[in-house]
Amino acid sequence: MPHNDGHWHYAAVLMGSPVRLTLEKPREALAASVFRLIKQYEDLLTVNRADSQVMAINHAAGHHPVAVSRPVFELIRRARAASLLPDSAFNLAIGPLVKRWRIGFRGDSVPPAHELSALLPLTRPDGVLLDEAAGSVMLARPGMEIDLGAIAKGYIADRVRDFLRREGAVRGLINLGGNVQTLGSGWSIGLKRPFAGCDALVGALEVGDRSVVTSGTYERYFEQDGQCYHHILDPRTGYPLDNELDSVTIISAASIDGDIWTTLIYGMGVDQGCAALQERPDIEAIFVTRDRRVILSSSRQFRFRLLDDDYRLTDSTA
């Protein structure tokens, strides 16, 4: 439907989140095709459908390899490579820990330490075995589970961007709930204030032809005995990552890079994260810290405006 900003807006609920598509002119058929495309990829990649290809791999853990489609194989390959980086906080094999914590679902609580210790050996990414010739994936041990939730939205957002370009769209935006991919210039993307209302913003980014991916501790969490436990788990310990950060936003050309790097950067923290990004001029980060600082690793690909006086802006640490 048209909006007073001069764009046309379309929405659907997919992947458990509201999905919003913005176009510069009315194209109902194109919007419907976009939502069908997202649903197709969701069916391939989700762990919430018993008959998805990812679940077929998980069900066969420790028994036999499973041949999968090329998109699923390539996405698993990419996620495995990120998981095997030295001291990586990204781990596609983290499924058993995610399932045990149940953060964001009914019944979430802090698991006993001995249960988490027992699950850690099942989360080793080198136990995800790929056969290029057969196009198959096998999990080395029974009980292993891969979870592509940390990378699937970025992959799908990039596929939607490519589809829109093929269909002749010059300007558009797809918001997959935390993953925003823009087509064309002049887009303003809000940066949420952690643990505040839906409309409360720390600031806004001006970007064009870039992806903006935000991951924050406030997205899914619970409190127990006065402590907050969020959904960003550290595969090295089995517990939620505990550092100075409330959120990380990654600005990049590809949304899949945003998915990977938000998790990697969370594991590194501000100083190490900024140092790592010096080697990646194509990727930039905005850190929001618990002590209400907003830190930009750099700002070559975007402009940032601070909108909340409770926060202070640091232009660059790079």
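Guide: Contact here means heavy atoms within 4.5 Å, and helices (H or I, at least four residues) and strands (E, at least two) are DSSP runs numbered from the N terminus. This is a predicted model, in which local features need pLDDT of at least 70 and side-chain atom pairs count only at pLDDT 80 or more, while totals for chains, interfaces and linings use all residues. Residues are numbered from 1 along each chain as its sequence is written, and side-chain values use heavy atoms, leaving out hydrogens and water.

Let us begin with a pair of helices. L75, R78 and A82 in α3 are in contact with I256, D257, I260 and L264 in α7. Sorted by class, this contact holds five nonpolar residues, no polar ones and two charged ones (Ala, Val, Leu, Ile, Met, Phe, Trp, Tyr, Cys and Pro count as nonpolar, Asp, Glu, Lys and Arg as charged, and the others, Gly among them, as polar). Helix α3 spans residues 70-83 and helix α7 residues 255-277, and their axes come within 11 Å and cross at roughly 25°, where axes are lines fitted to C-alpha atoms over the stretch in contact and angles run from 0 to 180 degrees between N-to-C directions. The two helices are therefore roughly parallel to each other, a description used for angles under 35 degrees. The crossing of α3 past α7 is right-handed, with the near helix turned clockwise from the far one by less than a right angle.

We can now turn to strand β7, residues 179-183. Five of its five residues are buried, so β7 is largely enclosed by the rest of the structure (buried means under 20% relative accessible area with a 1.4 Å probe, protein chains only). N179, Q181 and L183 point one way from the strand, whereas V180 and T182 point the other way, and all are buried.

Strand β7 also has partners, and strands pair if DSSP finds at least two bridges between them. With strand β6, residues 172-175, β7 pairs in the antiparallel sense over four bridges, and I174 stands opposite Q181. β6 and β7 form a hairpin with three residues between them, and in the turn G177 has a positive phi of about 75°. Strand β10, residues 211-216, also runs antiparallel to β7, joined to it by three bridges, and in β10 the bridge partner of Q181 is S211.

Technical notes
Angles under 35 degrees count as roughly parallel, over 145 as roughly antiparallel, 65 to 115 as roughly perpendicular and the rest as oblique. Buried means under 20% relative accessible area, exposed over 50%, partly exposed in between (1.4 Å probe, protein chains only).
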